[in-house]
Structures are given as C-alpha cells and as structure tokens.
Amino acid sequence: MIKNKMANLNFPKTIFVEITNLCNFDCTFCPNHLMTREKGMMDFGLFEKTVLDAKACGVERFNLWIMGEPFLHPRFFDFVKCAKENKLKLSLITNGGLFTEELIDKFLSLGFSRDDNLLISYLTPDICAFKLRNATTISFDAYKNSIFRLIERKVEKKASVEIMLMYIINIFADVVNVPGLITGARGVLDSIKELVDFSHDVQRKAGINFNFSIPSIKKIKGAIKNCREIKIEFLPGVFFNLKWLTNWGKVILPEGLKVIPSHHGYCAYPFESLGIFWNGEVTLCCDDYNAELVVGDLRQQTLSEIFNGEKAGRIRSEMNMGVLSIPRCRICQGIVLNKEGKVLKGYYKKYYLARVFRHFKVHGLKKTIRKIWGEIRR
C-alpha cells in the first residue's frame, strides 16, 4: 500500500478518469457552460498509462467521469476493454442521449460483472423538466424510449452490469428553487410509480417474475429528512436511485444569490479523492470542473509521485489547519447571500444534523470534527 509522506494517507481505491470533457447536453444544473479549460479527448496511450499506474498504486475501480459524456469518445469501447483486461471495476456515467440499438447491444456485450455499473443521469423524467437539459439533438420521447430500451435489453440478455436510473431531488426548493425538478416526497413517489408499469411490462416480455416494494410516503419523507439516498431494485440489476441536487461547490446558484469566499474551512476530498483529466492533469477534487486544483501531470509523472507530491501535501496541510488558499475552495466553502445581501440561513440550517451525520458515515469522526470547526470559523 502506497502511503502519503506528509499525511500518512492510503492511496484511493477508486479514482476518477475523465476520457473527455465534451458533452452533447448543456444542462442548466451542470457547470459545463462555465467551463473555460480546453476541451478534448484522452489519448489511448495516456489511458493505458493511467491503468498501469493505478494498478501499481492498488486502485480497484475507475469512475469514468469528471466532466463530459464518455460515450462521445470514439475509442470508448477500447478504454473499457483495457480496464477490464487489467481487472479494474468500472463505474460509468452517461446522460443517456446517445443510445441506439447498435450501441446498446455493443455495450451489453462487453462482459461486465455485477461489480460494474452504469449510472444513467435520467434526472429530468418529464417533458417539462427535460428542457433543463438543453438537448437540441433529441426529443424527450426519443430520449426516454432509448433509455428504457437499454434497460429492457439488459434484462433480456441477462447482462451482469448494474444500471442505476438516477433521479435528483432539490431538498432546498424553499430556499434555492430550480423549476422543473422533484422537490418533495410526492414527486419521488410519482417517479417510482411510473416505473412500476414499465417493470411489469419488461417482466412479461422476458418471462420472469421479479417482486419489489414501493416505499410509503412516510418512509420517503424520512429518507429526505435524514439525507439518505433512496435505492430500489425494480428489475434484476436495475435500480431507481434518488440523489440530491448539487450546486458544484456553490457555482450553480439561482440568479440573485452570491457567494462571499471564505478563507477558513475544511474539506475531505484532498485526502480521499484523485481525478485525471483528459489531458493528463491530475486534481484532488472530483468537483473540480475547471481544473483549478491541479497538483501534477500524468504525462510527466506517475500517480504515486503526484499523490505523494509537494503540491498535494501542501493543500492537505493547509486543510488540516483550516486554511483555504485556493480560490475554488474558498468559493466552495463560502457563505451564500440572498438578494438583500443577508446570509441565506435556511440553506445552512435545513437538514444540518442529518448532513453532519452523513459526512461522519462517509469520512469518519476526525474529518467531521474538522469540517464542523471549519464551519464555525467561517
């Protein structure tokens, strides 16, 4: 196990690998339209080096995203085969706007295991919400049909890869409104019920019987209140997955709100996260859409040298002292003000204890205490 020299850290078991930052959608809740760094596609040779370096560091899984739509890369299938030949587990994400019958069959024939998964950012499950995607090349009906066709074919072929049909809920709708998104338990339940008829139809065609239960409104409200994900397997290896709307480190906020940068705070990402951009630059934050936390270049260094390097160590040391020196981190940890210039208190108070507990479950006690202390200082 490779250790970090300054912070005595284990190398992450999962890393993010962006094979392209190009995208066929321009969603209003994504910072794609704010991204000013160069756009392009990863060279296959660089991906092979990433795989070999990652294996040497004990990495077990690749998340094939930071920004962009992976299926746009002309060598996407070669990348997947390379990763699987080196016994890496894969998590893939897609907006689902490129699926054709040919692409679906080719994807499902790649020999995935149950350890691999495809996250489909369905997110906007009706024609009104779909307008938020700014998808000019496909209609909502065609979009929905292609995604449901992928799921149907997965069940027919008994493909092992897990599929997560991802929805998002804006739990801060009364404070930060994004029209069109699910905002409460009733909307969540309606989205789940929509999948019931689809599930029954797929089961009938495939000649299978798969039972699943729909949570009550009370249970959904409880999950929302406690900031818990909702995950329901509604077909074999196919899941309804509810996640929370993110603002990408206070970058995507409604008009009228602004952020006062903070010089004090704490974040666990630099200690646990590692991402490789399409051009080989390496970041310590999976939300670093504009490459502002770059700590090395894989074209000139190894992953071990970068993770254990001076730049990464300095950022972690500053974090441990509650100091934020990077402008992007200062915004992410900053204070949100409303149109009157007053602190948006509801944004911080709502579900606070649940969010703290969730942070504890993911990052542990020590990092959670540092997080709380950073917020007090802020």
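**Close-up views of a predicted model**

View 1. Not counting residues up to four places away in sequence, Arg61 touches Lys13, Thr14, Ile15, Leu88, Lys89, Leu90, Ser91, Asp115, Asp116 and Asn117. Arg61 is placed in strand β2, which covers residues 61-63. Although buried, Arg61 has no salt bridge; Asp116, the nearest side chain of opposite charge, is 5.1 Å away, whereas a salt bridge requires a distance within 4 Å. The side chain of Arg61 does reach the backbone oxygen of Asp115, at 2.7 Å.

**View 2. The aromatic pair of Phe47 and Phe62.** The structure as a whole contains 20 aromatic pairs. In the pair of Phe47 and Phe62, the geometry is edge-to-face, with 6.0 Å centre to centre and 85° between the planes. Phe47 belongs to helix α1 (residues 44-56) and Phe62 to strand β2, so that the pair links distant parts of the chain, 15 residues apart. Phe47 counts as buried because its relative accessibility is 0%; Phe62 is likewise buried, with a relative accessible area of 0%.

**View 3. The aromatic pair of Tyr122 and Tyr167.** The ring centres of Tyr122 and Tyr167 are 5.4 Å apart and the planes stand at 85°, so the pair is edge-to-face. Because Tyr122 lies in strand β4 (residues 117-123) and Tyr167 in strand β5 (residues 162-169), the pair ties together parts 45 residues apart in sequence. Tyr122 is buried at a relative accessible area of 0%, and Tyr167 is buried with a value of 0%. One aromatic cluster includes Tyr122 and Tyr167, together with Phe25, Phe130, Phe140, Tyr143, Phe148, Phe198 and Phe240.

How values were computed:
Residues numbered from 1 in each chain as written. Predicted model: local features only at pLDDT ≥ 70, side-chain atom pairs only at ≥ 80, totals over all residues. Heavy atoms only, no water. Helix = DSSP H or I, 4+ residues; strand = E, 2+ residues; numbered from the N terminus. Buried < 20%, exposed > 50% of the residue type's maximum accessible area, 1.4 Å probe, protein only. Lys, Arg positive; Asp, Glu negative; His and termini not counted. Polar contact = N/O pair within 3.5 Å; in protein donor to acceptor, adjacent residues only side chain to side chain. Contact = heavy atoms within 4.5 Å. Phe/Tyr/Trp six-rings, centres within 6.5 Å; stacked < 30°, edge-to-face > 60°.
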